[in-house]
Amino acid sequence: MRLSEFRQAVLDEFGPGFGRVVTNDLALSEFDGRTADEAISRGADAREVWLALCRAADVPKSRWHGAGLPQPRI
């Protein structure tokens, strides 16, 4: 997942206002309490951050692939 795809998935799932709050304020235990923005700025893989964000925000698994994005290969 590219960073632009991550940003689009956040926008599609959470909307512009809440998306910024979620990526800036929600601490992700899978990234030692860092936010999504912090994890990405430290070089974390965007796909892994997206999946951690989905788990932390209780996004239904059916939407983990990111709204508007193709289904990932399994």
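1. Overall burial. Of the 74 residues in the protein, 38% are buried (under 20% relative accessible area; exposed is over 50%, partly exposed in between; 1.4 Å probe, protein chains only). This is a predicted model: local features need pLDDT of at least 70, side-chain atom pairs count only at pLDDT 80 or more, and totals for chains, interfaces and linings use all residues. Residues are numbered from 1 along each chain as its sequence is written, and side-chain values use heavy atoms, with hydrogens and water left out.

2. Fold and surface. The pattern along the sequence is α-α-α-α. Helices (H or I, at least four residues) and strands (E, at least two) are DSSP runs, numbered from the N terminus. The accessible surface comes to about 4,600 Å² (Shrake-Rupley method, 1.4 Å probe; for residues, only the protein chains shown count as cover). Carbon and sulfur atoms hold 50% of that surface. Take the contacts (heavy atoms within 4.5 Å) between residues at least 6 apart in sequence: 48% of them join residues at least 24 apart.

3. The core. In soluble globular proteins, nonpolar side chains tend to be buried together. Here the largest nonpolar core has 19 residues. Such a core is a set of buried Ala, Val, Leu, Ile, Met, Phe, Trp, Tyr and Cys residues joined through side-chain atoms within 4.5 Å. The residues with the most contacts inside the core are F6, F14, L28, V49, W50 and L53. Helices α1, α3 and α4 each supply at least two residues of this core. The largest share, 7 residues, comes from α4.

4. Helix α4. This helix is mostly covered, with 8 of its 11 residues buried. The buried set is A46, R47, V49, W50, L51, A52, L53 and C54. Their cover includes α1, α2 and α3. At the start of α4, a side-chain oxygen of D45 comes within 3.1 Å of the backbone nitrogen of R47. Just after α4, D58 has a positive phi of about 55°.

5. Aromatic pairs. A pair of aromatic rings is described by the distance of the centres and the angle of the planes. Rings of Phe, Tyr and Trp (its six-membered ring) pair if their centres lie within 6.5 Å; planes under 30 degrees apart count as stacked, over 60 as edge-to-face and the rest as tilted. The count is 2 aromatic pairs. F6 and W50 form an edge-to-face pair, 6.3 Å centre to centre with 85° between the planes. F6 sits in α1 (residues 3-14) and W50 in α4 (residues 46-56), so the pair ties together parts that are 44 residues apart in sequence. Both F6 and W50 are buried. F14 and F18 have ring centres 6.0 Å apart and planes at 65°, so this pair is edge-to-face. F14 counts as buried at 15% relative accessibility. F18 counts as partly exposed at 48%.

6. Which residues does F6 touch, not counting residues up to four places away in sequence? The list is M1, T23, A36, I40, A46, V49, W50 and L53.

7. Helix α2. The buried residues of this helix (residues 16-25) are G19, V22 and T23. Seen down the axis, they fall within an arc of 90°, so they line one face of the helix. The arc is that of the directions from the helix axis to the C-beta atoms. The face turned away from the buried side carries the exposed residues R20 and D25. The buried residues of α2 pack against α1, α3 (36-41) and α4.

8. T35. Where is T35 placed? T35 lies in the loop between α2 and α3. T35 is buried, with a relative accessible area of 7%. T35 and T23 are 12 residues apart in sequence, yet 6.0 Å apart in space, C-alpha to C-alpha. A polar atom of the T35 side chain lies 3.4 Å from the backbone oxygen of T23. Leaving aside neighbours within four places in sequence, T35 is in contact with T23, N24, D25, L26 and L28.

9. E13. Is E13 buried or exposed? At 18% relative accessibility, E13 counts as buried. E13 is found in helix α1. Leaving aside neighbours within four places in sequence, E13 is in contact with W50, V59 and R63.

Key. Polar contact = N/O pair within 3.5 Å; in protein donor to acceptor, adjacent residues only side chain to side chain.
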